[in-house]
Amino acid sequence: MRKILVTGALGQIGSELVTKLRDNYGVDNVIATDIKEVKTDGPYEIVNVMDGDRLFDVAKKYEVDTVMHLAALLSAKAEENPKRAWDINMGGLVHALEVARELDLQFFTPSSIGSFGPSTPKDLTPQDTIQRPTTMYGVNKVAGELLCDYYFERFGVDTRGVRFPGLISYVALPGGGTTDYAVDIYYEAIKTKSYTSFIAEGTYMDMMYMPDAVLAIIQLMETDASKLIHRNAFNVTAMSAAPEDFAKAIRKHIPDFTLQYDVDPVRQKIAESWPNHIDATAAKEEWGFKAEYDLDRMTADMLEKLGKKLKMI
Ligand code: NAD
């Protein structure tokens, strides 16, 4: 990786990934792209991933050697408009893969724990297992994993990916996923010392703090290809947690924090179709993945950073 183009760069992952990539590889070597008009410190271009020619032209203009394709509709948003999700998630992906094939670029795109479904083993979900998701987002993610493997096998494109769990961060707000409660809870803990969760008590899902997610992407992309047995996509996780676990961790800092529930049936159904806890052994063995933040360490950092951001602590 020397020069990297990032699609969907203004989203929850992109806003932190671009900063870290620019620290590591140089500001001018990271081309951020998204659909919104913004001012940024480094190179930025408006690219709608539905326009494959535009994506090709920008990649060629900057002579990039890597594409990180993040532009997508997330799980809850995809369920609101499944056809649009199919068009953006699959159409955008195939355009980005075509650019990587034509310009011989290294390629990264994230899959998700949403690529699993109700028939997947729920605990210590293996790397290679049943993937029959029941959401449009999950269908897109499984199809995306297969398509990325296909581009590697058929055309030799160096495609790599991870199955991210719910990602927790304070820089950008999440974009409409099922695990968004695990970000909202910290905002509300600081603002009102109280949170009403749309996910039910006892619903366990995998989670990870954004700094670990960003490092995982860079580490996987920097790994010598000869070490990789799998490609699209590696299970990665840092913790398995339910809403009450977040509340318990928050109470170590804000003792009178209260948690109530007002469950959203749509997102609860999605959550229940996902694993409780996935097994990340393959990522550890093949490219040394290791998360640094557990729930308590993440909570301390989130409350401190978010407190400063919201200027209330
Ligand atoms: P996000 O919703 O925060 O950001 C997505 C970005 O894509 C937005 O800035 C949006 O403007 C942009 N976008 C939407 N349509 C576009 C289009 N047609 N052309 C160009 N840009 C477009 O998403 P995120 O959380 O940063 O997720 C990035 C990727 O990681 C997605 O593939 C997502 O499925 C995956 N992922 C995220 C999580 C998570 O918890 N955030 C977990 C698992 C996987």
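**Cavity and ligand site**

The largest cavity is lined by 18 residues, and Leu93, Thr109, Pro110, Lys141 and Gly144 lie nearest its centre. A cavity is a set of points, on a 1 Å grid over the protein atoms alone, where a 1.4 Å probe fits but cannot get out; lining residues have an atom within 4 Å of a point. The model is predicted: local features need pLDDT of at least 70, side-chain atom pairs count only at pLDDT 80 or more, and totals for chains, interfaces and linings use all residues. Residues are numbered from 1 along each chain as its sequence is written, and side-chain values use heavy atoms, without hydrogens and water.

About 180 Å³ of space lies in the largest cavity. Its lining divides into 8 nonpolar, 8 polar and 2 charged residues. Helix α5 gives the most to this lining, with 5 residues. (Helices are DSSP runs of H or I, at least four residues; strands are runs of E, at least two; both are numbered from the N terminus.)

Gln12, Ile13, Asp34, Asn48 and Tyr137 come nearest. Polar contacts are pairs of N or O atoms within 3.5 Å. A polar side-chain atom of Asp34 lies 2.6 Å from a ligand oxygen. An N or O atom in the Asn48 side chain is 2.9 Å from a ligand nitrogen. Lys141 places a polar side-chain atom 2.9 Å from a ligand oxygen. Elements giving two or more residues to the ligand shell are β6 (111–112), α5 (136–155) and β10 (166–168). By class, this shell has 14 nonpolar, 8 polar and 3 charged residues. Here Ala, Val, Leu, Ile, Met, Phe, Trp, Tyr, Cys and Pro count as nonpolar, Asp, Glu, Lys and Arg as charged, and the others, Gly among them, as polar.

Terms used: Near = heavy atom within 4 Å. Polar contact = N/O pair within 3.5 Å; in protein donor to acceptor, adjacent residues only side chain to side chain. 1 Å grid on protein atoms, 1.4 Å probe; cavity = no way out; pocket = protein on both sides within 12 Å on 5 of 7 lines; lining within 4 Å. Points joined across faces, edges and corners; volume = space filled by probe spheres on them.
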